[in-house]
Amino acid sequence: SSDLYADDTMTSHKNARAARAEKNKAEAFEFALNKEKQGERVSETKAFKDAMTEIDTALRNPETGLTNVTVPEVKAQLENVKRALDPRFIDQQTGIAVGKPASFESLENLRRFLRDRAYGVPAQGFDAIGQQQAGRLADAVEKIQREFSPKIGKFLEQYKADSQPINAFKTKLGQAIVGTEQFDMGRFVTDQIG
């Protein structure tokens, strides 16, 4: 049946992507882990400093000191992104920095949440951030990753290339079923099951 063909084709594309992604991801993450074991931190990269400046500028105009964000939910979520990049904070009582710096792996989780938000998926915790701003923040996190572990580029680029057949198949399937390219595959799967 066509349902089985669709499921088999989608599964085949996803399995191929996953196999290549795991190998490339492992290389990048192992490289980063070795750097972290030697005491290097993502927070020491130029890209990290640039990302923090970008968030600070999104929150407050550096020339006037006036706020650029008056919507409390957006401000809170931008501050959450900043805390995700640098979870350390200064204890107000002692003036001492508390907490540990972010790991390379934590950046991957943040990048994926932001990228999902940039693509219109309501990313829990970041849903008030606009899609364009989420995309810029995801790009900033990705730059940190690329500077700290350049092999992450191979993983990201191969993953994107391996996603193209999946996206093309979803588009064709959506056109065949509902006559439109704008198609929610997750809804189709749910509709077919229920």
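Student: In this predicted model, how far apart are the closest N and O atoms of the salt bridge that E40 forms with K35?
Tutor: The cut-off for a salt bridge is a Lys or Arg side-chain nitrogen within 4 Å of a carboxyl oxygen of Asp or Glu. E40 and K35 form such a pair. Their closest N and O atoms are separated by 3.7 Å.

Student: How many salt bridges does a search of the whole structure find?
Tutor: The pair of E40 and K35 is a salt bridge, and R88 forms another with D86. For R88 and D86 the closest N and O atoms are 2.8 Å apart. Searching the whole structure gives a total of ten.

Student: Which residues line the second largest pocket?
Tutor: The second largest pocket has a volume of about 180 Å³. Helix 2 (46-59) and helix 3 (72-85) each supply at least two residues of its lining. The lining consists of M52, D56, L59, R60, E79, K82, R83, D86, R88 and F89.

Student: How many residues of that lining are charged?
Tutor: Both D86 and R88 belong to the lining, and Asp and Arg count as charged. The lining holds three nonpolar residues and no polar ones. The number of charged residues is seven.

Student: Where in the chain are the two residues of the salt bridge between E157 and R146?
Tutor: The closest N and O atoms of E157 and R146 are 3.0 Å apart. The pair links distant parts of the chain, eleven residues apart. E157 lies in helix 6 (residues 152-178) and R146 in helix 5 (residues 131-148).

Student: Which residues are joined into one network with E157?
Tutor: E157 is partly exposed at 48% relative accessible area, and R146 is partly exposed at 30%. Salt bridges that share partners make up the network. Together with E157, the network contains R115, D139, E142 and R146.

Student: What separates the C-alpha atoms of E27 and K154?
Tutor: E27 is in helix 1 (residues 2-37) and is partly exposed, with a relative accessible area of 28%. Apart from neighbours within four places in sequence, E27 is in contact with K151 and K154. E27 and K154 are 127 residues apart along the chain, and their C-alpha atoms are separated by 9.4 Å.

Student: Why is the ring pair of F29 and F104 called edge-to-face?
Tutor: The structure holds two aromatic pairs. In the pair of F29 and F104, the ring centres are 5.0 Å apart and the planes stand at 75°. Planes over 60 degrees apart count as edge-to-face, so the pair is edge-to-face because its angle is 75°.

Student: Which helices does the pair of F29 and F104 tie together?
Tutor: Both F29 and F104 are buried, and ring pairs link F29, F104 and F148 into a cluster. F29 and F104 are 75 residues apart in sequence, so their pair ties together separate parts of the chain. Those parts are helix 1 and helix 4 (residues 104-118).

Notes:
Residues are numbered from 1 along each chain as its sequence is written. This is a predicted model: local features need pLDDT of at least 70, side-chain atom pairs count only at pLDDT 80 or more; totals for chains, interfaces and linings use all residues. Side-chain values use heavy atoms; hydrogens and water are left out. Helices (H or I, at least four residues) and strands (E, at least two) are DSSP runs, numbered from the N terminus. Buried means under 20% relative accessible area, exposed over 50%, partly exposed in between (1.4 Å probe, protein chains only). On a 1 Å grid over the protein atoms alone, a cavity is a set of points where a 1.4 Å probe fits but cannot get out, and a pocket is an open set with protein on both sides within 12 Å along at least five of seven lines; lining residues have an atom within 4 Å of a point. Grid points are joined across faces, edges and corners, and a volume is the space filled by probe spheres set on the points. Contact means heavy atoms within 4.5 Å. Rings of Phe, Tyr and Trp (its six-membered ring) pair if their centres lie within 6.5 Å; planes under 30 degrees apart count as stacked, over 60 as edge-to-face and the rest as tilted.
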